[in-house]
Amino acid sequence: MSAPTLWFLFPFLFGSLSMLFSEKRNLITILSIILCLFLAVIALTIPINSMIVFGNNSLIFSSSKEILGRSLTLERSAQPVLVFLFLFTAIWFFGTLVVQVHRFFVPIAIMDVALIVGVISVKPFIYGAFFVEFVVLLTMPLFWVQRTKSGDGILRFLFFQTFGLVFIALGGWLSASVDINPSDEFLVTRAAVIFFLGFIFWLAIFPFHDWIAVVMDETCPYISGFIMSLLQFSTLFILLNFLNTYAWMRSFTPIFSGLKIIGTVMLLLGSVWAFFQKTLQRLEAYSIVAENGFSLLLLGIKTENSVHLLLSFLIIRVIAAAAWSLSVKILSGNNNVTIQQLPGLLIKKPVVSITLLASFFSVAGLPLFAGFPLKIVMISLGFSQSVLIGVMTAFGCWFLILTGLKMMISFLSPGDSEIFSRETITQNILLIVLILIMLSLTFFPLLFNQFISNLQTQFPAFMVY
Amino acid sequence: MGISVIDGIYLDTSVGWTSMRYGLPITSMIGLGLISLSAVFILANHDQGEKRFSLLAYFLQYIGAILLLIRIFSIQILFIIFLTGLMGAAIIGTDQVDFRAPIQKRFFLSLPLFRVSLCFLVWGLVLSIEPRIALWIPIPDSILFASLWLVSIGILKVSLDNDYFSMILGLLNLFFGFQLVYILLEESSLVFGFLTAINLLITLLGAFILLRPDSAQSENEILESRENS
């Protein structure tokens, strides 16, 4: 038995087979939750590359699996990511028990998660880009049948993800050539430029940022929330892996200066755009753009501390996205909700409103929420680079918080909107659990930091021993 | 990567600052011609009523690619490329072509002059930048040219047309251009399999999108999923 078979092939096969029985929605969802929890528990308890003894038999739990001359490898350092990925998926699947989601969501989502494990495990890591494209292609039919508008944004999403794949794959190949002769500056520049062009498409970097807002606006919020979280997670993972693998890239300073500038601009523009959006999903989309800016800025700073911050933000973002998507789905079904419809929401749907605010403020970094200490460190890191970066970072943070406050004022103001029905008890229970998870990140920081440190062992180049 | 040149057609050209000598085997010349003309045809045809010619041109691109690659890859790999093109055209065309309908000659009468002249411009542009790109992508010039040409036409097709069929065809053009380069750069069966699978999945997705062009149908799907739950 090998780790990739267990965490990649098995869930992928399960997902594809369960599509055949998707009519039995609840049964498939419960089985998928059990599978995800089982895989998470194994990742938590059984170390990879160990011998499992049961009775007179034994089983070697190896780390690698060869496929057509290339290998899928999951080392022990990857186990925290696996635990997180499968627990995160189980939480999303619990959500499908309390809201109406398309019957193919659970089977496709479990295949997507398996593919993301593929991104983590494939060697050379650059082939992960192909797995990301598979995630996009698998999910597109779901986006298409659940769309509420013309679908042009969904097609744009497909085109940009494919453009991204083209550039990242070529950049990855060039990088491998540079590794042989890192003194060739011509090749180094080409490789870096082409590689990062790919990330411009994937991370919705200005000026190719609008697809994220259009996709989130046009399709089911629950499905788009899940897919965007997975895609952002895997893209940043590939980027970190890239910087971790190539020493020449870490010493190529123009890249890091560029990342800092692009990151700061994205942060500021994303947060300003988020403030002026009229619908909840577009607001969330632009806050993702701003958070991607944060991530790029932290990568540009490239210290152990900044990578620790980046991973912490990534985890907080993914958890907050689950809470946000579930709340919006409960609120509106497949339709989009405008800010003008929200007055009086706190009275009509108190738990949903609080979850929306808690999720947004966890990422924006309001005091007492998980993002706050990280944003403080972030701003001081920004000022350590230059006054301009520090000021812009602070402005970006403030705009995000102001956006949240604007939303809160809207919830609190009197209104008699009758479009929202009351929440059900099961929905409330799940939302409260999600709020507690988000708050626990604030109140148990040692546990959270320990988890992030374990996660960071995957990227030894960014660690100081 | 070297190719032996037998019975080739030799052509000396001076492009920008560099002077190149193209020595192409006859198969590559035919392949290049097929790819170039069929891509022009795909871009020029924006008659939404007649899709047979576009699909035929799409398939001919794969035949052209096979002729380009015939001296490099084994027959098995070439057969897979042939099947990818054939199945791609068949999958997209299944619901889009009415074989009983008479061939519409409107296209031939009103061949869009702007798009054809745009193709000439792009062709010249690709010819001029190819030698520079060849400095850092070590594959035969003819294949690199075909690849850049397909990518350019793909981008133009996606940008200029707004019907789903043309956009999907543009994306397939673009991806096939990339595939041509990448299968020569990465000599791995896994990568070849990935690229072929992605190509076919885009085709399948295109067929799916073309089957459900209106959001009214998707509303029904949503309702159906609610009832099922």
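## Aromatic rings in a predicted model

W123(B) is partly exposed, with a relative accessible area of 36%. The model used in these exercises is predicted.

**Exercise 1.** Classify F145(B) as buried or exposed.

*Solution.* Start with the cut-off: buried means under 20% relative accessible area. F145(B) has 6%. Therefore F145(B) is buried.

**Exercise 2.** Classify the pair F195(A) and F196(A) as stacked, edge-to-face or tilted.

*Solution.* Over all chains, the count is 53 aromatic pairs. In the pair of F195(A) and F196(A), the ring centres are 6.0 Å apart, and the planes stand at 80°. Centres within 6.5 Å make a pair, and planes over 60 degrees apart count as edge-to-face. So this pair is edge-to-face. Now check burial. F195(A) has 0% relative accessibility, so F195(A) is buried. F196(A) has 12% and is buried.

**Exercise 3.** Work out the type of the pair W123(B) and F145(B), and find where each residue lies.

*Solution.* The centre-to-centre distance is 5.4 Å. The angle between the planes is 80°, and the pair is edge-to-face. Next, locate the residues. W123(B) is in helix 5 (residues 113–134) of chain B, and F145(B) is in helix 6 (residues 141–160) of chain B. They are 22 residues apart, so the pair links distant parts of the chain.

**Exercise 4.** Find which charged ends sit over the rings of F256(A) and F275(A).

*Solution.* Take F256(A): the charged end of K302(A) sits over its ring, 4.4 Å from the centre. Then take F275(A): the charged end of K406(A) sits over that ring, 4.9 Å from the centre.

Methods. Residues numbered from 1 in each chain as written. Chains lettered and ligands numbered in written order. Predicted model: local features only at pLDDT ≥ 70, side-chain atom pairs only at ≥ 80, totals over all residues. Heavy atoms only, no water. Phe/Tyr/Trp six-rings, centres within 6.5 Å; stacked < 30°, edge-to-face > 60°. Buried < 20%, exposed > 50% of the residue type's maximum accessible area, 1.4 Å probe, protein only. Helix = DSSP H or I, 4+ residues; strand = E, 2+ residues; numbered from the N terminus. Lys NZ or Arg CZ within 6 Å of the ring centre and 35° of its normal.
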